[in-house]
Structure formats: structure tokens, C-alpha cells
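Welcome! Try each task with the structure in view, then follow the solution.

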Amino acid sequence: MKSEMFSHRFTVPAAAIDAMGHVNNVTYLQWCLDAAEAHWTSKTSEAMRNQYVWVVLNHFISYKAPSFEGEELEINTWVETNDGAKSERHYRIVRPKDKTTIVEAKTLWCLLEGKTHRPIKIPEQIITLFT
């Protein structure tokens with residue numbers, strides 16, 4: 001079950017640049033998390049966001065090419081699979097100008113019940129929001 005893709009374009013800010021003169025590796029991870037949150041927020045109500053909370057179980061990130069201040073990038077994210085309380089979300093960051101893939105990543109998320117913070121099976125209501 002691969003979900004619809006969520007995309008966001010942005011320009012690399014000066015604050016993202018490290019001592020090597022390119023985007024810091026940790027910044028890419030933050031952009032992935034930000035995109036996941038934006039996708040979740042775009043599909044859910046405030047009540048649903050209070051009822052359910054996502055936590056990260058692990059990240060895998062592969063750095064393919066550097067990017068630099070002022071470049072336009074596009075991040076794409078989608079839910080690849082759901083299994084019980086777990087959901088695997090994928091990310092691809094590309095430079096549209098030359099179609100270069102900068103980063104490929106995935107995160108294994110776990111859904112928690114908002115009040116108890118205990119894992120909960122992903123309800124069909126959430127699964128259908130992202131298909």
C-alpha cells in the first residue's frame with residue numbers, strides 16, 4: 001500500500017550550511033520529519049491529532065549528492081506500508097533543476113494513543129486518509 005505523495009519545494013537557507021559548505025546531514029533528517037508532520041497535518045483534524053501521536057522507532061537515510069545555499073529543492077514523502085501500530089514512511093529530496101536525487105530516506109513510525117501514549121493499531125480511518 002503506497003500512499004499518495006506529499007511534495008514541498010523550498011530554497012536552501014544559509015542556516016542549513018555546515019563547515020564543508022553544503023547542507024548539513026542532520027538538516028536533511030529534520031526536513032524529512034518536517035515533511036512527515038506537514039503531510040499528517042494536511043490530512044487530519046486537530047481532534048485527530050490530539051487523539052493520536054506518532055513516535056519514531058528508527059531512521060535510515062542515504063546521502064546521494066550535496067546541495068548548497070540558495071538551491072531549490074523538493075521533498076517528496078509517502079507512506080509505504082502499515083503493519084499493526086507501525087508505519088513506514090519514505091522520503092526523496094531532489095534538486096528539480098537537474099533532477100538529481102540528494103537524499104533517500106525512510107522512517108519507521110509507531111502510532112500511540114494520545115492520552116496513554118501506548119501503541120495502538122493504526123485504524124482504517126487513518127490508513128484511508130493516506131491512500
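Helices (H or I, at least four residues) and strands (E, at least two) are DSSP runs, numbered from the N terminus. The model is predicted, so local features need pLDDT of at least 70 and side-chain atom pairs count only at pLDDT 80 or more, while totals for chains, interfaces and linings use all residues. Residues are numbered from 1 along each chain as its sequence is written, and side-chain values use heavy atoms, with hydrogens and water left out.

**Exercise 1. Explore the largest pocket and find which element supplies the largest share of its lining.**

Step 1. Start with the term: on a 1 Å grid over the protein atoms alone, a pocket is an open set of points with protein on both sides within 12 Å along at least five of seven lines, and lining residues have an atom within 4 Å of a point. A volume is the space filled by probe spheres set on the points, which are joined across faces, edges and corners.

Step 2. The largest pocket has a volume of about 290 Å³. Its lining has 18 residues, and Ala-36, Glu-37, Trp-40, Trp-54 and Trp-109 are the closest to its centre.

Step 3. Now sort the lining by element. At least two residues each come from α1 (25-43), β2 (52-63), β3 (72-83), β4 (86-95) and α3 (124-129). The largest share, five residues, belongs to α1.

Step 4. Sort the lining by type: twelve residues are nonpolar, three polar and three charged. In this count Ala, Val, Leu, Ile, Met, Phe, Trp, Tyr, Cys and Pro are nonpolar, Asp, Glu, Lys and Arg are charged, and the others, Gly among them, are polar.

**Exercise 2. Describe helix α1: its span, its buried residues and its N-terminal cap.**

Step 1. From first C-alpha to last, the 19 residues of α1 reach 28 Å, close to the 27 Å expected at 1.5 Å a residue. The expected span is 1.5 Å times one less than the number of residues.

Step 2. Buried means under 20% relative accessible area, exposed over 50%, and partly exposed in between (1.4 Å probe, protein chains only). The buried residues of α1 are Thr-27, Tyr-28, Trp-31, Cys-32, Ala-35, Ala-36, His-39 and Trp-40. An α-helix has 3.6 residues a turn, so residues three or four places apart point the same way.

**Exercise 3. Is Glu-74 buried or exposed, and which side chains does it meet in polar contacts?**

Step 1. Find Glu-74 in strand β3. Glu-74 counts as buried because its relative accessible area is 18%.

Step 2. A polar contact is a pair of N or O atoms within 3.5 Å; within protein, one must be able to donate a hydrogen and the other to accept it, and residues adjacent in sequence count only if both atoms are side-chain atoms. The side chain of Glu-74 makes one of 3.0 Å with that of Arg-9 and one of 3.4 Å with that of Asn-76.

Notes
On a 1 Å grid over the protein atoms alone, a cavity is a set of points where a 1.4 Å probe fits but cannot get out, and a pocket is an open set with protein on both sides within 12 Å along at least five of seven lines; lining residues have an atom within 4 Å of a point.
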